[in-house]
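I opened this entry to look up ring contacts and strand pairing, and I note my criteria as I go.

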Amino acid sequence: MANSNDGGEVDVVGMWVTEDGHIRQELLPDGRYDEARGERRSAYTGRYTVTGSHLDYVDDTGFTATGDIRGGVLYHEHLVLHREQKPS
């Protein structure tokens, strides 16, 4: 489910990637995230919560950030990420 039509939360679980593939943010079903940057695996890790189509992030170091899903695109601070499609 990419979007919820009943006013509930948007399904965000999965891999989200910048257009150039440099940043890969995996949103896990347990409310954790793992973000890779270039060759640096797990550059940022932490937890996230979803309210409607809004995400709140808290990095394991205490840094906070936000994001919003609009039109199936994740706008995370200054980043634009697209859901990675699994090969069929």
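I counted rings of Phe, Tyr and Trp (its six-membered ring) as a pair if their centres lie within 6.5 Å, with planes under 30 degrees apart called stacked, over 60 edge-to-face and the rest tilted. By this rule I find one aromatic pair. Tyr33 and Tyr57 make up this edge-to-face pair, with 5.2 Å from centre to centre and 85 degrees between the planes. Tyr33 belongs to strand β3 and Tyr57 to strand β5 (residues 54-59), so the pair ties together parts that are 24 residues apart in sequence.

The model is predicted, and I required pLDDT of at least 70 for local features and 80 or more for side-chain atom pairs, while totals for chains, interfaces and linings use all residues. Residues are numbered from 1 along each chain as its sequence is written, and side-chain values use heavy atoms, without hydrogens and water.

For burial I took under 20% relative accessible area as buried, over 50% as exposed and anything in between as partly exposed (1.4 Å probe, protein chains only). Tyr33 counts as buried at 6% relative accessibility, and Tyr57 counts as buried at 2%.

I then followed the strands, which are DSSP runs (E, at least two residues) numbered from the N terminus, and which pair if DSSP finds at least two bridges between them. Strand β3 (residues 32-37) runs antiparallel to β2 (residues 23-27), joined by five bridges, and five bridges also join β3 to the antiparallel β4 (residues 40-51). Asp34 of β3 stands opposite Glu26 and also opposite Thr45 in β4.

How values were computed:
Helix = DSSP H or I, 4+ residues; strand = E, 2+ residues; numbered from the N terminus.
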